[in-house]
Every structure is written in C-alpha cells, then in structure tokens.
Amino acid sequence: MALKTGSKAPEFTLACTGINILNTTKDLKGKAFVLYIYPKDFTRVCTAEACEFRDQFESFRDLDIPVFGMSKDGIETHNKFKKDYKLPFELLSDPTGKVCKSYDALVPLIKMPKRITYLIDKEHKIAAVFSDMFESKGHIEAMLKKLQK
C-alpha cells in the first residue's frame, strides 16, 4: 500500500547521479517533483519504465517538474544505466532500502523495492500516487494527467 495523497512526503538525503548528493529539504525546497521507485536497473520492466520517463521527459521539464528514479542499486550501476539508455533525469541510490521503506515501497520479506510513482507538490505533500509492479506506462500517464489538471 502506498502513502496516502495529502500526507507529508518523507524527506531524505541520498547519493544521486550527476549531483552526487540530493537532499530534498534543501535542494528541492518549494519545488514539486516526481519520484519513481523501481526494483532494479537493467531489468525488462524497469528499463521500459525508465525509457518511458525519458521519452516523456520534455513534458515534465516544460512544467518545471524534475524527475528522479530510485532503487537500491549503487551509483556506479545507476550511472551505467543512465548512460546506456540516455536518461535525462537523475537516479537515486538507496542501498539500505531505508528511504524506499519510508515511502512504503518495499516488498515485505524480500525487501525488494516496489514499482511506485509519487508526484510530490511544492509543500512536499503527496499529490498523486500510481502503483503497479508489472506496468510501466501507466506511471507516466498518471503523473502527466494529474499535472495537467
């Protein structure tokens, strides 16, 4: 089950491709953003989802909404994934799964990240959520639909 719309988004500091460290409290203060959480770099559905975000990236950029992908993979793997698929957004590394857990995005027992996407508003409250482990396109469509309202 995902965090509820309207609830406060957990703040975090994580290693990030491109900018080394991202602190949501400091770096994204007063800024809305998309956080999509996924199981693993280079897997079929995760790659399809990343490429869909890549292909729709201009829509988010035009709305001044940064996109961040997050998994438990390390920065080295993220950098390779980002380069191989020409991803124009940053990837966050949560190796312990602590941040994934705070976003209610860990599968119990196996501690694998769920596929879940959050739209976080300027006050850092959850504005929209889409969760589906096996579907990649719906995540992007749901976020763009919410942003166009």
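Where is K86 found? K86 is found in the loop between α4 (75-84) and β5 (90-93), where helices (H or I, at least four residues) and strands (E, at least two) are DSSP runs numbered from the N terminus. This is a predicted model, in which local features need pLDDT of at least 70, side-chain atom pairs count only at pLDDT 80 or more, and totals for chains, interfaces and linings use all residues. Residues are numbered from 1 along each chain as its sequence is written, and side-chain values use heavy atoms, with hydrogens and water left out.

**Positive phi angles**

- K86 has a phi near 50°, a positive value in a residue other than glycine.
- K86 is exposed, with a relative accessible area of 64%; exposed means over 50% relative accessible area, buried under 20%, and partly exposed in between (1.4 Å probe, protein chains only).
- D64, which is not a glycine, also has a positive phi, of about 60°.
- D64 belongs to the loop between α3 (57-62) and β4 (67-71).
- The relative accessible area of D64 is 52%, and D64 is therefore exposed.

**Salt bridges**

- The count comes to eight salt bridges, a salt bridge being a side-chain nitrogen of Lys or Arg within 4 Å of a carboxyl oxygen of Asp or Glu.
- One of them joins the side chains of R115 and E49, with an N to O distance of 2.8 Å.
- This pair links distant parts of the chain, since R115 lies in the loop between α5 (98-102) and β6 (116-120) and E49 in helix α2 (residues 44-55), 66 residues apart.
- R115 counts as buried because its relative accessibility is 3%.
- E49 is buried as well, with a relative accessible area of 0%.
- A salt bridge also connects E90 and K82, again with 2.8 Å from N to O.
- E90 and K82 are both buried.
- In the salt bridge between D62 and R61, the closest N and O atoms are 3.9 Å apart.
- D62 is exposed at a relative accessible area of 59%, whereas R61 is partly exposed at 48%.

**Aromatic rings**

- The count of aromatic pairs comes to 13; rings of Phe, Tyr and Trp (its six-membered ring) pair if their centres lie within 6.5 Å, and planes under 30 degrees apart count as stacked, over 60 as edge-to-face and the rest as tilted.
- The rings of F57 and F89 have centres 6.4 Å apart and planes at 35°, so this pair is tilted.
- F57 in helix α3 and F89 in the loop between α4 and β5 are 32 residues apart, and their pair links distant parts of the chain.
- F57 is buried, with a relative accessible area of 15%, and F89 is buried, with a value of 1%.
- One aromatic cluster is formed by Y36, Y38, F42, F53, F57, F60, F81, Y85 and F89.

**Nonpolar surface patch**

- L109, I110 and M112 make a nonpolar surface patch of about 350 Å².
- Patches are made of residues with over 30% relative accessible area and no salt bridge; like charges are joined within 9 Å, and nonpolar side chains (Val, Leu, Ile, Met, Phe, Trp, Tyr) within 5 Å.
- Accessible areas come from the Shrake-Rupley method with a 1.4 Å probe, and for residues only the protein chains shown count as cover.
- M112 lies in the loop between α5 and β6.
- M112 is partly exposed, with a relative accessible area of 32%.
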